[in-house]
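Have a look at it first, and then read on.

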Amino acid sequence: MNIPWAPIIFIDITGSVIILLIAFWSETFSRQWTNKKPDDVFRQYIYLLTLAIVFFAVSRSFGHLVKQVLLLNDMAGLWNHISPFSGAINTVAFIVIFAFGIYFHRFQKVHQEIEKYQNNLEEMITIRTDELEESKLALETILNNSNPICITSIDYNLIQANDAYYAIWPQAGLSSRTIKCYDSRPGKHCHTSDCPLRLIVDGKDEVITEVAKIVDGIERVFIITSRPILDAAHKLIGMVESFQDITKRKKAELALASERERLAVTLKSIGDGVITTDLAGRVTLINRVAEQLTGWSQQEAIGKPVPEIFNIINEITGKPANNPVDKIVITEKVTELDNNTTLISRDGTNYSIEDSGAPICDENSKVIGSVIVFRDVTEKKKTEEELQKIKKLESVGVLAGGIAHDFNNILAAISGNIELSLIDAELSKKSQHLLSQAQKATFRARDLTQQLLTFAKGGQPIKETASLAEIVKDSADFVLRGTKVACHYAFPDDLWLVDIDKGQISQVVQNIILNASDAMPDGGKIEVSCRNISVANPKDSLRTEASDYVELQITDTGIGIPQDALDKIFDPYFSTKQKGSGLGLAITHSIISKHDGRIDVRSTPGIGTTFTIELPAGRNQSPTPARQKTVANQGKKHGRILVMDDEEAVREVTRELLLAMGHDVLLAKDGKEALQLYQAANESGSRIDLSIMDLTIPGGLGGKETIQQLLSIDPQAKVIVSSGYSTDPVMAKFKEFGFSSAISKPHRLSDLEKVVNQLLA
Amino acid sequence: MFFKHPPVFSILPVLMLLPSPVWATQTHADAEGLIAHQTGHFLFIFGMGYLLFRLYRIEHKKTGWAEFKIFLLLTTLWNVLTFSGHWLNEFIPPEKFIKAGSRTVSFEIDSIIDILYYLSKLDHLILVPALLFLLLALQKWNTQQ
């Protein structure tokens, strides 16, 4: 059976054409698919496989088409020549396809692995992306809840900023366009070489600046910290600036500075020395007074150990005192310095000091240092010693005054009776001599009691304005008369007058000159000088008040006083002389103290002694006129005299003396009795012409109290005040108290007669 | 490599161990072209079959892969058909082809071999659908991925 060959030819040609079309179409799809994921190995494989198939399909279809064309055109011979080539190409295509076929597994495996890695990578990327998102959110949250922050590009464009930044510089967020940092935040550094961002661009790692900005009407101060933003290659890609609001800190700093200033001023102004230290005992602060006392300036002292600056010793033992800082740090309590502490300043000056120390604690009550507060008490100590001395003298004085008063009453009786006895013409010469000796002894005793009374409480000075020079010269010349000692005087012409009791000051000068003379038994020279001193600023002086003084200085070239005796020379009954009473300088000190003055002594054994006396200058610089004698001895007149004294012996002897003078005498033991007698005498018409009244009557009305009542009875009454306290102010200023005259006990007949006669005249 | 693909690489040693003639220096006769071509078909079949085997085990649900497998299956069938055609051609005497000049106009069928040969010449009926499935697979991949 024959079957037509035409269907085969037709299918061959048609199939070949269709295959060619499909081949090219397949290549297109495959290529497009591959290009969608160029890195996909499997797609590349499919593409290559497609290419191999396309190659096979094209070569085969082309070969078949050529074959059919040639055969249809009776060119079988030519085809026979071509067909081996066509077949061979097809064979090659088969092998290529085979090769791809058997490598499918390999490609697939690689693809799967890559896909796996890719999936892992994608998963990782997803996780990382999520993490990044979280981080981004967290960062944005932090960013928007932190201080103002902005990021700027290297060409100064503001790239990003947080809400806090826009709250302060809102114009930066208003513009939709890119805004330059200097437009967003104009400042004094913009467009200058000090621009922080420019400095960062120029290579700085960090720039810190400060800026003030008024926000909501309130000036706020910010610290701007500018830092570079670098990429992985450390190349600058931008700048970040953070703004820390330091307004409160600034205010606190200002307040702190003000407080420190105030503290510094307070410390400087404080009258005490203040030294603060750290825990190691090194000086951290020293105020002005401390600088003056220690001799170290603040610059020199800071950082040095306290003992080096605050060099203290025990003034009794001379050994170094304990370091107060150690005690403060250990006890952590306020500590007083040991007594008798002396500060040795840098130049060697010694200061007696009092001090206290306290720990400095931080806010947690932890000790971080110590503060030592001290003051110079050298003068205070001297004053205290002086006061002690005065008190001692006063105590002795009260005692002495009391004894002297009673002693004077006894002496008055003895002296009066002796005088009365001496009047007796029948006395033998020998008796008269003996009584005269006894009388002299009573006078010496009286002088002694006078001296005792001078520094006793009752010995207040009766001051008058006078020139010190004149009194000093008269007194010194009087003492040195007949000695080998010469006295040189140096008094300025304009020497101020002083308010003094001439008699007491004379006694002072006499005592000192006498001591000086005694210190130079072989003769010598005494320098006496006076000068004016004006103390304008008491802080610079040992004086506590601004005032004017006259200084008297008496210097001898005698044997001097030993150092251990210097402190005692003003004590009563202390004497370095065998015949000395020990009262001279005690009285001198007492007198000067009662004149509100100062007395000081410096002495070097073998060289000499210098007494320095300071007396306040008189307020009135014109001398008190000399007291005029108002009473004159105008002859004898007999009268009726009332004698009032609590001491019977005194009453009796006074009565005898007055009787001897020819007067009628009435006696009263106190003021009450005296007033009764006076009243009775007046009423009886036998008027009393004169009264002699004791100043003080223990337990009864004394003269001082009685005189007022007496004058109210008889304003014309004449009364003589009599007292053993010869230095009592009433005795000195008797007229002010209503008395007509005054007479000291013990009375001398002549003195009594003189006074009585004057008043009766 | 050798042990992973024993079918492929076992052919070469078998051919090389044939006692005569010595292939390296022999003159290539006319039959050589057919053998080489048939070997190519054999490798083609093996390659497609192997690919199909792998895909059958791995890829069977994803889009386009069913079409690709059909393409492989049809290509394999096409190879078997054409391989058979080439082989049967050796048994067809030239007288079977009735010619008008040098053109074949009909074919004389006397046996089953003649029928099989004639059918083998209609291989495009398999190859064209095979490539169409390839195109379809590629189109799906390209569209969906």
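## Chain B at a glance

Chain B has five helices and two strands, in the order α-α-α-β-β-α-α from the N terminus on. Helices (H or I, at least four residues) and strands (E, at least two) are DSSP runs, numbered from the N terminus. This is a predicted model, where local features need pLDDT of at least 70, side-chain atom pairs count only at pLDDT 80 or more, and totals for chains, interfaces and linings use all residues. Residues are numbered from 1 along each chain as its sequence is written, chains are lettered from A and ligands numbered from 1 in the order in which they are written, and side-chain values use heavy atoms, with hydrogens and water left out.

Of chain B's 145 residues, 37% count as buried; that means under 20% relative accessible area, with exposed being over 50% and partly exposed in between (1.4 Å probe, protein chains only). As for contacts (heavy atoms within 4.5 Å), take those in chain B between residues at least 6 apart in sequence: 62% of them join residues at least 24 apart.

## Rings that meet

Over all chains, the whole structure holds 35 aromatic pairs. Rings of Phe, Tyr and Trp (its six-membered ring) pair if their centres lie within 6.5 Å; planes under 30 degrees apart are stacked, over 60 edge-to-face, and the rest tilted. F68(B) and F71(B) make a tilted pair, because their ring centres are 5.6 Å apart and their planes sit at 45°. These two are three residues apart in helix α3 of chain B, so about one helical turn separates them. Both F68(B) and F71(B) are buried.

W87(B) and F91(B) are edge-to-face, since their ring centres are 5.0 Å apart with planes at 75°. W87(B) is partly exposed at 48% relative accessibility, and F91(B) is partly exposed too, at 47%. Ring pairs also link a cluster, whose members include W33(A), F104(A), F68(B) and W141(B).

How far apart are the end C-alpha atoms of helix α4 (residues 104-144) of chain A? They are 56 Å apart, which agrees with the 60 Å that its 41 residues should span at 1.5 Å a residue. The expected span is 1.5 Å times one less than the number of residues. In α4(A), the buried residues include F104(A), Q108(A) and H111(A).
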